[in-house]
Amino acid sequence: MKKTILITGGAGFIGSHVVRLFVNKYSDYKIVNLDKLTYAGNLANLKDIEKKSNYEFVKGDICDADLIQQLFYKHNFDGVVHLAAESHVDRSISNPMEFVRTNVIGTVTLLNVAKHFWKASLDTIPKGKLFYYVSTDEVYGSLGKKGKFKETTSYDPHSPYSSSKASSDHFVRAYHDTFGLPVIISNCSNNYGSFHFPEKLIPLAINNIKNNKPVPVYGKGANIRDWLFVEDHARAIDVIYHKGKVGDTYNIGGNNEWKNIDLIKLLCSMMDKKLGRKKGESAKLITYVKDRAGHDMRYAIDSSKLQKTLKWRPSLKFEEGLERTVDWYLSNNEWLQNVTSGDYQKYYDMQYIKR
Ligand code: NAD
Ligand code: DAU
């Protein structure tokens with residue numbers, strides 16, 4: 001094998017797209033996917049590649065230093081693409097400690113083992129090795145009406161989730177600056193697409209519209225997010241992993257800002273057509289609920305560095321990506337049923353009562 005890469009969180013939403021891309025594109029790489037399979041991880045996300053000879057799944061926790069060491073000894077990894085995380089802002093408000101554990105302690109555990117195994121130091125920066133950390137634009141905080149997040153924007157996280165990601169970004173940079181660990185960080189805007197757990201806005205809205213349930217819009221629905229098709233994010237990670245500059249940060253975004261309420265209305269009209277409902281029928285499900293605490297108003301990414309230096313750009317128009325996403329959810333009922341069985345309903349019913 002030309003390279004052996006550890007991908008963490010590969011059974012989650014973005015991770016599964018990254019694993020699929022790497023396994024299919026690089027038949028001469030060995031891809032080891034380490035995932036704890038929390039409520040957000042699902043091996044059904046990887047059914048199409050699970051039997052490939054260059055792919056291996058390991059169930060485990062990134063906080064388990066012994067396991068990570070064993071994996072490094074067994075596979076002699078050339079690289080790590082680290083995505084495993086607790087990723088939902090609302091859950092971080094109800095249970096911050098889990099976010100500190102996985103996002104901060106888990107990340108530092110991986111950094112420690114990589115540093116030790118690759119014998120990294122400022123005098124001997126290991127050649128051909130890379131620790132790539134997949135982070136979020138939420139570390140930069142919230143924007144006013146104008147401006148975009150650049151790689152040089154100061155950190156200003158507000159939620160326990162974004163604070164835990166900001167903290168881990170700092171640790172990743174500290175391991176580069178102090179111990180010579182070869183690292184790259186990318187900070188991406190909101191993703192959407194297939195295999196997205198229906199607790200996040202777009203898949204939750206699709207699922208609720210389909211089932212004639214209320215579509216909860218936080219506050220006035222005026223918050224703005226910059227949406228990127230998940231496969232474009234996976235392509236960006238591929239380009240940055242292979243061509244990015246060690247020690248650098250890259251912002252990834254869709255240049256595609258939408259106010260939440262406008263996005264929900266677009267989804268409702270798409271769903272009316274797909275489900276053969278009367279125009280305006282699905283929009284009746286829109287329900288304004290109590291706002292998220294500390295709710296960031298606007299995110300927008302300036303991805304010009306990535307576009308200019310590594311020639312990446314989003315491949316799809318939003319309407320096209322959204323339609324593909326809606327079609328995927330409507331034709332993957334079994335997946336949706338599986339992930340929304342068990343505790344899911346209990347958890348979300350509780351959330352609505354709280355609001
Ligand atoms: P996700 O919640 O869908 O998946 C997370 C995965 O990590 C799951 O498979 C889960 O089982 C696994 N995991 C959780 N804790 C673990 C642990 N302790 N050990 C091993 N595995 C564990 O998340 P996602 O939306 O795919 O996000 C992936 C990464 O990308 C995260 O680091 C997130 O912060 C970042 N990110 C997400 C977005 C987005 O819009 N979803 C945007 C930018 C960055
Ligand atoms: O910006 C990148 C981040 O995007 C990632 O780092 C996070 O992991 C990912 O979850 C996402 O965070 P957001 O909080 O922006 O995504 P979410 O889908 O939870 O919410 C999007 C917007 O929609 C936000 O303004 C809150 C609002 N919202 C969300 C839900 C779940 C609603 O109005 N109603 C809802 O039911």
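Reader: How many bridges join strand β4 to strand β5?

Author: This is a predicted model, and in it strand β4 covers residues 79-82 while strand β5 covers residues 130-136.

Reader: Which strands are the edge strands of the open sheet?

Author: The open sheet has seven strands with parallel pairing, in the order β3-β2-β1-β4-β5-β6-β11. An edge strand pairs on one side only, and this holds for the strands at residues 55-59 and 249-252. Those edge strands are β3 and β11.

Reader: What angle does the direction of helix α5 make with that of β5?

Author: Helix α5, residues 160-179, packs on the sheet, where it touches β5, β6 and β11. Another helix, α7 (residues 230-243), lies across β1, β2, β4, β5, β6 and β11 and runs at about 145° to β5. For helix α5, the angle with the direction of β5 is about 155°.

Reader: Why does the aromatic pair of Phe99 and Tyr161 tie together parts that are apart in sequence?

Author: The structure holds 21 aromatic pairs. One of them is formed by Phe99 and Tyr161, with 6.3 Å centre to centre and 85° between the planes, which makes the pair edge-to-face. Because Phe99 lies in helix α4 and Tyr161 in helix α5, the pair ties together parts whose separation in sequence is 62 residues.

Reader: How many charged residues are in the lining of the largest cavity?

Author: The largest cavity has a volume of about 40 Å³, and its lining includes Glu138, Arg225, Arg292 and Asp296, along with others such as Val89 and Tyr299. The lining residues divide into two nonpolar and three polar, and the number of charged ones is four.

Notes
Residues are numbered from 1 along each chain as its sequence is written. Chains are lettered from A and ligands numbered from 1 in the order in which they are written. This is a predicted model: local features need pLDDT of at least 70, side-chain atom pairs count only at pLDDT 80 or more; totals for chains, interfaces and linings use all residues. Side-chain values use heavy atoms; hydrogens and water are left out. On a 1 Å grid over the protein atoms alone, a cavity is a set of points where a 1.4 Å probe fits but cannot get out, and a pocket is an open set with protein on both sides within 12 Å along at least five of seven lines; lining residues have an atom within 4 Å of a point. Grid points are joined across faces, edges and corners, and a volume is the space filled by probe spheres set on the points. Ala, Val, Leu, Ile, Met, Phe, Trp, Tyr, Cys and Pro count as nonpolar, Asp, Glu, Lys and Arg as charged, and the others, Gly among them, as polar. Two strands pair if DSSP finds at least two bridges between them. Helices (H or I, at least four residues) and strands (E, at least two) are DSSP runs, numbered from the N terminus. Contact means heavy atoms within 4.5 Å. Axes are lines fitted to C-alpha atoms, for helices over the stretch in contact, and angles run from 0 to 180 degrees between N-to-C directions. Rings of Phe, Tyr and Trp (its six-membered ring) pair if their centres lie within 6.5 Å; planes under 30 degrees apart count as stacked, over 60 as edge-to-face and the rest as tilted.
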